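Here's a quick briefing to read alongside the model. Keep the viewer open and click through the residues as they come up.

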Amino acid sequence: MTSGHVPEVLEIGNRVFDISEFPYSTWSLSAIARHLDQQPEACHVALFEGAPVGFVLASMPFLNNQTWGHIEWIGILPAFQGRALATKLGDASIRALYNAGATRIVADIATSNRQSKLLARSLGFTELTTVSLFSAPTLEWIKTPERTTETVASEA
Ligand SMILES: CC(C)(COP(=O)(O)OP(=O)(O)OC[C@H]1O[C@@H](n2cnc3c(N)ncnc32)[C@H](O)[C@@H]1OP(=O)(O)O)[C@@H](O)C(=O)NCCC(=O)NCCS
């Protein structure tokens, strides 16, 4: 992948990710640029007649783990899905990250994303942990008279 592919990759992502839902709501130009700046050799596009029809974006480090690679974004246009393109892109990223010194490679996947979990398993990934995103109650709920009384009572 080169910086010339960025506009098309952004557009493919807008089409294949449900950007109204977390974690896909974090899809952005800067999300692409971060991986491409950090680890260009781990970022790849699948081309059809010279135009991108899919991509993978990956890099190191992952959070505070300097030698952990992170395959964060992968997407294939619907008309090109089911042809092992994501498998080829994923393999290319994994090889690039190990060649760059990765000691572990991770991918965080929404539990509702069946296709992505199938892809990960077919690439040989195994499940390490499951994290749930919880949403706090509204301020109005916290301020209800019963809650306020409960809080004051427990602080006493
Ligand atoms: C997930 C995604 C990238 C897979 O792309 P793809 O090119 O169709 O995947 P592949 O053809 O390489 O298939 C990989 C494996 O997953 C399985 N798979 C993928 N989608 C599947 C589906 N809809 N039904 C059944 N199996 C499926 C394939 O059978 C294959 O397994 P196998 O090797 O055991 O046969 C694609 O569906 C996509 O772009 N989804 C929307 C974006 C997204 O959610 N990305 C992941 C989060 S960043």
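Start with L57: in this predicted model, and leaving aside neighbours within four places in sequence, L57 is in contact with M1, V9, W27, I32, H35, A42, C43, H70, I71, E72 and W73. L57 is also one of the residues, along with M1 and F55, that touch the most other members of the largest nonpolar core, a set of 37 residues.

- H70, one of the contacts of L57, sits in strand β3.
- H70 counts as buried because its relative accessibility is 8%, under the 20% cut-off.
- The H70 side chain makes a polar contact with the side chain of D108 at 2.9 Å.
- Not counting residues up to four places away in sequence, H70 touches H35, L57, A58, S59, F62, L97, V106, A107 and D108.
- Q39 is in the loop between α2 and β1, and with a relative accessible area of 7% it is buried too.
- The Q39 side chain reaches the backbone nitrogen of M60 at 2.9 Å.
- Beyond four places in sequence, Q39 is in contact with A58, S59, M60, L97 and A100.

**Cis peptide bonds**
- M60 turns up again here: its peptide bond to P61 is cis, with omega near -5 degrees, and P61 is in the loop between β2 and β3.
- Another cis bond joins F22 and P23, with omega about 5 degrees; look for P23 in the loop between α1 and α2.

**Positive phi without glycine**
- E49, in the loop between β1 and β2, isn't a glycine but has a positive phi of about 50 degrees.
- E49 is exposed, as its relative accessible area is 74%.
- A84, in the loop between β3 and α3, isn't a glycine either, and its phi is positive at about 65 degrees.
- A84 is partly exposed, with a relative accessible area of 40%.

**A nonpolar patch on the surface**
- L139, W141 and I142 form a nonpolar surface patch, with about 300 Å² of accessible area together.
- I142 belongs to helix α5 (residues 139–142) and counts as partly exposed because its relative accessibility is 40%.

Terms used: Residues are numbered from 1 along each chain as its sequence is written. This is a predicted model: local features need pLDDT of at least 70, side-chain atom pairs count only at pLDDT 80 or more; totals for chains, interfaces and linings use all residues. Side-chain values use heavy atoms; hydrogens and water are left out. A nonpolar core is a set of buried Ala, Val, Leu, Ile, Met, Phe, Trp, Tyr and Cys residues joined through side-chain atoms within 4.5 Å. Buried means under 20% relative accessible area, exposed over 50%, partly exposed in between (1.4 Å probe, protein chains only). Contact means heavy atoms within 4.5 Å. Patches are made of residues with over 30% relative accessible area and no salt bridge: like charges are joined within 9 Å, nonpolar side chains (Val, Leu, Ile, Met, Phe, Trp, Tyr) within 5 Å. Accessible areas come from the Shrake-Rupley method with a 1.4 Å probe; for residues, only the protein chains shown count as cover. A salt bridge is a side-chain nitrogen of Lys or Arg within 4 Å of a carboxyl oxygen of Asp or Glu. Helices (H or I, at least four residues) and strands (E, at least two) are DSSP runs, numbered from the N terminus. A polar contact is a pair of N or O atoms within 3.5 Å; within protein, one must be able to donate a hydrogen and the other to accept it, and residues adjacent in sequence count only if both atoms are side-chain atoms.
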